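Subject: Structure handover

Hi,

Here is the structure I promised to pass on.

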Amino acid sequence: MSETSVRPDPVMAEIGRGMELGQRGERDAAREVFAGVWDRLGADGDPFHICALAHSMADVQDDPREELVWDLRALEAADLVSDERARLAGVASPVAAFYPSLHLNLGDVYRRLGEWDLARAHPPRGLDAVGTLGDDGYGQLIKGGLDRLAQRLAERSGDPLSVPPSDPLSEPASEPTEVNGPASG
């Protein structure tokens with residue numbers, strides 16, 4: 001195997017197992033898997049692993065304040081990931097492709113927490129990086145989510161309870177994560 005080949009990554013395999021549990025609706029089990037990975041990684045672990053883990057852990061939180069902690073941790077870690085590190089992990093796109101989804105999730109969680117100014121800062125940042133996504137289902141899903149979030153924030157009446165609970169943006173994320181999306185392509 002050459003030095004630049006993608007090697008099996010047991011940490012990403014474990015994160016993938018947690019993601020599968022979360023996608024099947026087994027949120028408690030997913031959180032347990034992710035907590036075990038976090039215990040092994042810690043805050044000083046590989047930023048690529050932390051980004052993937054934190055983004056996935058955010059998606060299975062029931063409390064939006066906890067979701068925010070993990071979303072912020074994912075964004076912070078993404079800032080430390082090089083394109084070379086991502087490529088070695090099998091991600092075909094640049095790290096910049098992580099940002100549209102990260103900003104979509106942050107904008108949405110801030111919206112659900114009633115932090116309107118913070119929420120409004122994220123759609124433009126995500127849309128600035130949306131060109132790094134492919135013109136495939138995942139790219140369209142993220143761009144559409146950013147557009148809808150920006151529209152919703154622009155129309156906001158001032159009442160944080162004005163967004164109905166059935167609003168798809170207020171539901172737990174069901175789209176692929178930015179780490180999973182580009183990595184799978």
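Below is what turned up, starting with the core and moving on to one helix and the aromatic rings.

First, some housekeeping. This is a predicted model, so local features need pLDDT of at least 70 and side-chain atom pairs count only at pLDDT 80 or more, while totals for chains, interfaces and linings use all residues. Residues are numbered from 1 along each chain as its sequence is written, and side-chain values use heavy atoms, with hydrogens and water left out.

The largest nonpolar core has 46 residues. By "nonpolar core" I mean a set of buried Ala, Val, Leu, Ile, Met, Phe, Trp, Tyr and Cys residues joined through side-chain atoms within 4.5 Å; "buried" is under 20% relative accessible area, with exposed over 50% and partly exposed in between (1.4 Å probe, protein chains only). Helix α3 gives the most to this core, eight residues. (Helices are DSSP runs of H or I, at least four residues, numbered from the N terminus.) L53 is among the residues with the most contacts inside the core. Leaving aside residues up to four places away in sequence, L53 touches I15, F34, V37, W38 and L41 (contact means heavy atoms within 4.5 Å).

Now α4, which runs over residues 64–78. Its buried residues are E67, L68, W70, D71, A74, L75, A77 and A78, and what covers them includes α2 (27–41), α3 (47–59) and α6 (99–112).

On to the rings: the whole structure has two aromatic pairs. Rings of Phe, Tyr and Trp (its six-membered ring) pair if their centres lie within 6.5 Å; planes under 30 degrees apart are stacked, over 60 edge-to-face, and the rest tilted. W38 and W70 are edge-to-face, because their planes sit at 85°, with centres 5.3 Å apart. Since W38 is in α2 and W70 in α4, this pair ties together parts that are 32 residues apart in sequence. W38 counts as buried at 17% relative accessibility, and W70 is buried too, at 8%.

The other pair, F48 and F98, is tilted, at 6.4 Å centre to centre and 50° between the planes. F48 lies in α3 and F98 in the loop between α5 (83–88) and α6, so parts 50 residues apart in sequence are tied together.

Lastly, the charged end of R73 sits over the ring of W70, 4.4 Å from its centre. The cut-off there is NZ of Lys or CZ of Arg within 6 Å of the ring centre and within 35 degrees of the ring normal.

Cheers

Definitions and conventions
Helix = DSSP H or I, 4+ residues; strand = E, 2+ residues; numbered from the N terminus. Expected span 1.5 Å × (residues − 1).
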